[in-house]
Amino acid sequence: DFYAAFKAQQESGIVGAPNYLVIDEWGSFIMSLDKKQAEQAKAILAELVMLGRGYNFFPIIGIQRPDSTYFQSARDNFQNVVSLGNLSPEGRRMVFPDSVKEEISNCKKREGHLYIDGVGLEKIQIENTPDMDTLDMSILEAMSR
């Protein structure tokens, strides 16, 4: 449905309100498909990552190991990358541009790094959320704007 809405908006040429697609465990999802379905899903995601932001369509992908085999040629087109915890040197190569890899430092519990294309790399800390219902309501409110 998300992809169909993207294609319809692309054909109309009119940029509408932002649309978000959240997929957690993308790698597990791809591994659950047969080869043909997996290639089709990766091609759709690649198109959304490379062209979607121009039409306010934003895929948000969670993955344990961001190997390029899960993304076709689109892995380098993610505009924002969040990594939590300590990445292996290989994980750093997979996720972050060469220009910031040396800036990545070790992380304590609830820490990580945020890379925003055109802005740079920041160390981040994830606060404990004692009230998940309030957080959910805040997210829904922000997404409905």
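A surface patch, as the term is used here, is made of residues with over 30% relative accessible area and no salt bridge, and nonpolar side chains are joined into one patch within 5 Å. In this predicted model, Tyr 20, Val 22, Ile 60, Met 132, Leu 135, Ile 139 and Met 143 form such a nonpolar patch on the surface.

**Nonpolar surface patch**

- Together, the residues of the nonpolar patch have about 620 Å² of accessible area.
- Two elements, β1 (19-23) and α5 (132-143), each supply at least two residues of the patch.
- The greatest contribution comes from α5, which gives 4 residues to the patch.
- Val 22, one of the patch residues, lies in strand β1.
- Val 22 counts as exposed because its relative accessibility is 60%, and the exposed class begins over 50%.

**Open antiparallel sheet**

**Pairing of β4 with β5**

- Strand β4 comprises residues 111-116 and pairs with β5 in the antiparallel sense over 6 bridges.
- Gly 112 has Ile 124 of β5 as its bridge partner.

Methods. Residues are numbered from 1 along each chain as its sequence is written. This is a predicted model: local features need pLDDT of at least 70, side-chain atom pairs count only at pLDDT 80 or more; totals for chains, interfaces and linings use all residues. Side-chain values use heavy atoms; hydrogens and water are left out. Patches are made of residues with over 30% relative accessible area and no salt bridge: like charges are joined within 9 Å, nonpolar side chains (Val, Leu, Ile, Met, Phe, Trp, Tyr) within 5 Å. Accessible areas come from the Shrake-Rupley method with a 1.4 Å probe; for residues, only the protein chains shown count as cover. A salt bridge is a side-chain nitrogen of Lys or Arg within 4 Å of a carboxyl oxygen of Asp or Glu. Buried means under 20% relative accessible area, exposed over 50%, partly exposed in between (1.4 Å probe, protein chains only). Two strands pair if DSSP finds at least two bridges between them.
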